[in-house]
Amino acid sequence: MHAAVAPPPPAAGDPIRFGVTGMTCASCAGRVERALAAVPGVRAASVNLATEAATVETDGSVSAARLAEAVQDAGYGVASEEISMAILGMTCASCVGRVEKALAAVPGVRSASVNLASESARIEVQAGTPRAALEAAVAAAGYQVAPDSETIAATEAGAAMPTAQARAAERERRHLILAALLSLPLALPMLGMPFDRHWALPGWWQLALATPVQFWLGARFYRAAWGALKARAGNMDLLVALGTSAGYGLSVYHLLFTTPHHGEPPLYFEASAVIITLILMGKWLEARAKRQTTEAIRALQALRPAIARVRQADGREAEVPVASVRVDDQVVVLPGERFPVDGEVLEGRSHADESLVSGESLPLPKEPGDRVTGGAVNAEGRLVVRTVAVGAESVLARIIRLVEDAQARKAPIQRIVDRVSAVFVPVVVAIALLTLLGWGLSSGDWTQATLNAVAVLVIACPCALGLATPTAIMAGTGVAARAGILIKDAEALETTRTLRTLAFDKTGTLTQGKPELVALQAVDGDEACLLTQAAALQQGSEHPLARAVVAAQRASAVLPAPAAAITALQGRGIEGRIDGVRVVLGSSRLMQELGIGLGSLAAAGEAEAGRGRSVSWLATEGSQGLALRGLLAFGDPPRPEAAEAIRALRAAGLRTVMVSGDNRGAALAVAAAIGIDAADVRAAVLPGDKAEVVRELAAAGRVGMVGDGVNDAPALAAADVGFAMGSGTDVAMHAAGVTLMRADPRLVADAIDISRRTTRKIHQNLFWAFVYNVVGIPLAAAGLLDPVIAGAAMALSSVSVVSNTLLLRRWAPRARH
């Protein structure tokens, strides 16, 4: 049952529409209708079971909370959905807090997460909550929302950024150039002072140059500061506006009312103008650097072709928009083109470059029956592909969604930063006021007191605090995605670095996952009959051992008719009926459970297990009950990269454990080949018990689980971090915190490496962001910092934080061919 969330309040008489969860039948719908109709002020209530939606007509007097309460009292919940939007105008961590607070106050909003680095918001709302209400809340807080259609169009086209943001970036560049041209003559005296040159312009000229910088080019600071004041909050813009206005106002006062003993009165127009110019430069450099942190996601978006060549029913080919391609459509892909859809090759042979999708550096051969991924490049051959997934269900779309989700979510450490940012600006304003009063009252020099207070205001930098964590997460998850490592969220990224033990599933993870039937032994010597019976049982099964049996039978003879009444015995084997006779195929544990003796084949089975092979036993029912007919031995060699992966993890200080449902002999043979200690092998573990093994290992520290199958999903979910091999199933990938886009166990060590490096960058960024403030503010308050130097330090703080983050882009995975 979901907790009820109030639907958005309607205008009087307007129908309210919202989703209802938990309904299973017509009785449920009737129950919800009656509960809503019983609320005073409700004129009519209609609930649609098929769409799971309620429509309520009221007289306008019914509170939204009251309707949600009625649904909850009836035993149901209100459905939710996620809305994304681009937010323009945010400058610092305080802005993030304001936007989140404004969005959270909208009726129907369950949670809101705002990312300063990507200038975006993710809002979980009750289904049916109007986007317009969210946009109005953002506007009321003093910010803008990029038009939804524009953002989507830019994203689909793989644009570097939405048009509104591109226009804003170009405007910032123009403003920076103009501010620099106007401020340079004001700054010349500072350049001449070391050489005893007095190049100061007349006071009125200085006023004429500084005024457009202060009130035109610096208008963005006043607008944002006014928005913050209206919202009873503070931000970086408020500090800049207060500081530069104080310097400008003091200069105007001296120009108009102070009579100098000789020459010009003391003027500080250059301080306010140069501070604004430096901060504009810092913002421009910061914006450029932030765009570079999102390069990976833009590179993925750019992989999507806009046009597909579809073969029509009459055999002709027509170019159509990718959005109109449907599942099972046949798409023709020429050499050098990108695959527009996920599909299966029907005709032709070629190679596909999937490096940007999976991180696989070598082109992969493709022939009829092989799968291809949308976004990959077709090399030399003409291919006809049957579409199996389009749009949001394609591999590329899911990768982009995973990376965007990871970049949008906040790391646990960011919550501490948010709490600091919430009180940062008021504390800085208070320190500046104390500096002004302290210096003014103690020395009587109110000019110097004002300059010291200005220095306090302009060196404080909440924007560096706001950028420290999200930029590092965006850069880290971005370079990881390009290497074929998809990190689900910031929490998984932060937890991965603290892992102490890595548990690996054996089959398909450390081994090739494509076992072959290598030995066959029948009690009566009739191996052909034994294989035929096993193949009859295993037809239709997707288990790797079953495929090996069917492949062996197909190679030697015609496939038999499938057995009847087939039943899977979870984790132990399979049984069915062939010509009315009960036949059982499974592990030695199953034989033991059924009371079947292994007899003369026991020694042969132990010998095969000692060679690292998986052994299955087949028994049939006779007059004396079930009796053993023979054994089948399967070989599944380790992956060539597995030994290197284990060495890398051990070098990183991690313990490696193998968890296998196979017999101990087979598990130990693989462990010995790849370098896992015998003491760290858990063999003959049933699928349902793998999660329990993970929980036992957790007693010694945080545990990661690496797997690829449906039966690994519970263990992946039980681990602190689950690693799903991309060659595996969707179920495993959903349960995991990290998805590896190709079946290379070395990527586990790379994932831990990028996690550690990214977290280290977050800590470095936060250190520098705090150092600028902790050191700079006391120096400014003590009168040891010129306002211009303070403004430069403020601009430098954000740029240095983002530049430090960009060093992550040089990271390269070790898992390369």
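Q: Where is Val106 found in the predicted model?
A: This is a predicted model, in which local features need pLDDT of at least 70, side-chain atom pairs count only at pLDDT 80 or more, and totals for chains, interfaces and linings use all residues. Residues are numbered from 1 along each chain as its sequence is written, and side-chain values use heavy atoms, with hydrogens and water left out. Helices (H or I, at least four residues) and strands (E, at least two) are DSSP runs numbered from the N terminus. On that numbering, Val106 is found in the loop between helix H3 (93-104) and strand S6 (109-115).

Q: Is Val106 buried or exposed?
A: The class follows from relative accessible area, where buried means under 20%, exposed over 50%, and partly exposed in between, with a 1.4 Å probe and protein chains only. Because its relative accessibility is 8%, Val106 counts as buried.

Q: Why does Gln553 count as buried?
A: Gln553 has its place in helix H20 (residues 544-556). Leaving aside neighbours within four places in sequence, Gln553 is in contact with Leu531, Thr532, Ala535, Val558, Leu559 and Pro560. Gln553 counts as buried because its relative accessibility is 2%.

Q: Which residue is the bridge partner of Phe504 in S26?
A: Strand S26 (residues 655-659) is mostly covered, as four of its five residues are buried. Two strands pair if DSSP finds at least two bridges between them, and strand S19 (residues 501-505) pairs with S26 in the parallel sense over five bridges. Within S26, the bridge partner of Phe504 is Met658.

Q: Which helix makes a β-α-β unit with S26 and S27?
A: S26 and strand S27 (residues 681-682) run parallel and are joined by two bridges, with Val659 having Arg682 as its bridge partner in S27. The unit is right-handed, a term that applies if, with the strands pointing away from the viewer, the path from the first strand over the helix to the second runs clockwise. The helix in this unit is H24 (residues 664-674).

Q: What share of the residues in the protein is buried?
A: The protein has 29 helices and 30 strands. Of its 817 residues, the buried share is 52%.

Key:
Contact = heavy atoms within 4.5 Å.
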